[in-house]
Amino acid sequence: MTTEKVRVNGESEPNEHGYRSYSLGEFTFKRDEHFAHIDWPTGHHVMAVEPFLKALMRDIAWNFFYGTVNFDSVIGTVNHYGNVDLFAGRFNEDYRKAEIDHLENFPHDEIKATFEAMLGDWVNESFDPFAAPQETGSAYGDKDGNNYEAVTRSRVTAKRMVGLPDDEPLRSDESGYAVNRMFADVDQSEPEVSVEPGYENEVSAFSLFKYLSRSDVTWNPSVVSVCKDSLYCPTTEEFILPIIHGNDRVEWFLQLSDEIVWEVADRETGRPRANVVMKAGDCAAMPADIRHQGFSSKRSMLLVWENNSSELPGMIARGEALNVPVKF
Amino acid sequence: MKEYKTVFGSLTNFTKGGVEVINDSPQNYVFSNIFDVASRAKPWEKVAVAKNMEYVIEAIRAEGVSQWRIASHDEFALVMDGQVTIELLDPDSVTADVARTGSMALDGEPSGKKMGTIVARRGHMSLLPANRCYRISASDPSVILLQTIQGPDTVERWASICQTR
Ligand SMILES: [Fe+2]
């Protein structure tokens, strides 16, 4: 748990609302009671501070993720795995036409440090940007304490499989993970495992549904099993995905429970392409040239399946990999 | 307090969503439903429902007793409906061809040391460790989702399982 504020370059003294401002290259970020204000040489943009902080939280927690993380239709980042673009209007057809879009590239560690400092300063004590709307207080108002514990949660990344000795632990009441109110009816029994001596590291099973029913965060895929570069990244979803994810590779969704609706648009322009309605057992690919945002009324379990191969974005850029996973 | 109902699918009770096209082709989303696929599959058929380069996720209708199988890499079996028993064996001599991906079936019963058994129900995920033999049985039709790499027994029939219009 981080208990002390980390100071970064480009950070101002607190303004009249108690919040510091931050600069990254020619971008500046300021907050007041209601809004995040983002300025760059050819334009400026305002976002309500709650969706801004929820998006910022995901961008940091996922280490800029795969491809583009759009905070909204204007602001976002593109991960180049080692360095990161921060942009305004780059993936907005009209901003591009008007030539008021702006993009700057930063070393990964520099933009990460500034984003972390901003999130730490701008999130008040009562607000948890990972929580569902009814499970957290307000993001708005003047500066009122901090919630470093919530904003520095470490993301679960199993090395082989959750529950193995020396790997990510299971979740229980005792370890601080209660069953979520919307998953109160999920079976909590574990599989029956009998192991011959000496095979404790290999004979292993756990209840993934129990594990997910006890997730304390929403829209936060975390790795539970690893087959080389094939990563199972299940997550529990409630309300709206706080970012619009622009793929740089194919990713897959398997709906484990309940229902999510995805709005899919063109990655470059933001023009709508499709709505994808996913119910329990449904399986769908997100092509590598789209952006998508999900909506989940009841908290649901979603298996996000990623191919972590570092060669994929280059292969797609060179036309060696298809934007869609299979042709038929 | 209001009671929420969590909806899981099963072989006998599932509802499909779908792709509502605005300016696109539904084929781009390779949209299927694993219970739909398993309800129309033969026992132990390994039908790919998701594919990303060499990696696949297979929907498997578990019913009766499977062959013994082995892979040179870890695989993970998630039970999505029903109940299965997994037997694991440390083989004396049989080893997976390291160049091979996916699992391969073994003839008959391999000799080796018993490692243990797992009884897994809906929502339970089991490790099928690399270079070990496994056999799965299910007294009632069940559904397994298998995280693995495409192999010789992976079945691809996208046009018949996916939304095309
Ligand atoms: Fe995504």
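A salt bridge is a side-chain nitrogen of Lys or Arg within 4 Å of a carboxyl oxygen of Asp or Glu. Keep that in mind for today. Side chains of opposite charge can pair when their charged atoms come close.

Some ground rules. This is a predicted model, where local features need pLDDT of at least 70 and side-chain atom pairs count only at pLDDT 80 or more, while totals for chains, interfaces and linings use all residues. Residues are numbered from 1 along each chain as its sequence is written, chains are lettered from A and ligands numbered from 1 in the order in which they are written, and side-chain values use heavy atoms, with hydrogens and water left out.

Let's start where the chains meet. On chain A, 69 residues are in contact with 70 residues of chain B. Contact here means heavy atoms within 4.5 Å. The two chains, A and B, bury about 6,000 Å² between them. Carbon and sulfur atoms carry 61% of that. Buried area is the accessible area (1.4 Å probe) that two parts lose on being put together, summed over both.

How many salt bridges does the rule find across the interface of chain A and chain B? Four. A:Glu202 pairs with B:Arg132 in a salt bridge, and their closest N and O atoms are 2.8 Å apart. Polar contacts join 36 residue pairs across the interface of chain A and chain B, both residues at pLDDT 80 or more. A polar contact is a pair of N or O atoms within 3.5 Å; within protein, one must be able to donate a hydrogen and the other to accept it, and residues adjacent in sequence count only if both atoms are side-chain atoms.

Which part of chain A gives the largest share of the side that touches chain B? Strand E16 of chain A, residues 272-279, with eight residues. Helices (H or I, at least four residues) and strands (E, at least two) are DSSP runs, numbered from the N terminus.

Two strands pair if DSSP finds at least two bridges between them. A:Ser207 has B:His124 as its bridge partner.

Buried or exposed? A:Ser215 is buried, at 8% relative accessible area. The cut-offs: buried means under 20% relative accessible area, exposed over 50%, partly exposed in between (1.4 Å probe, protein chains only). The side chain of A:Ser215 reaches the backbone oxygen of A:Val217 at 3.0 Å.

Back to salt bridges. Take A:Arg181 and A:Glu135, at 3.3 Å, N to O. A:Arg181 sits in the loop between helix H4 (148-151) and strand E9 (192-195) of chain A, and A:Glu135 in the loop between helix H3 (108-122) and H4, so the pair ties together parts 46 residues apart in sequence. A:Arg181 is partly exposed at 24%. A:Glu135 is partly exposed at 31%.

Next, chain B. B:Arg69 and B:Asp153 meet in a salt bridge at 2.6 Å, N to O. B:Arg69 lies in strand E5 (69-71) of chain B and B:Asp153 in the loop between strands E11 (133-149) and E12 (154-155), so this pair links parts 84 residues apart in sequence. B:Arg69 is buried at 11%, whereas B:Asp153 is partly exposed at 34%.

Last one. A:Glu13, A:Arg20, A:Asp121 and A:Lys143 are linked in a network of salt bridges.
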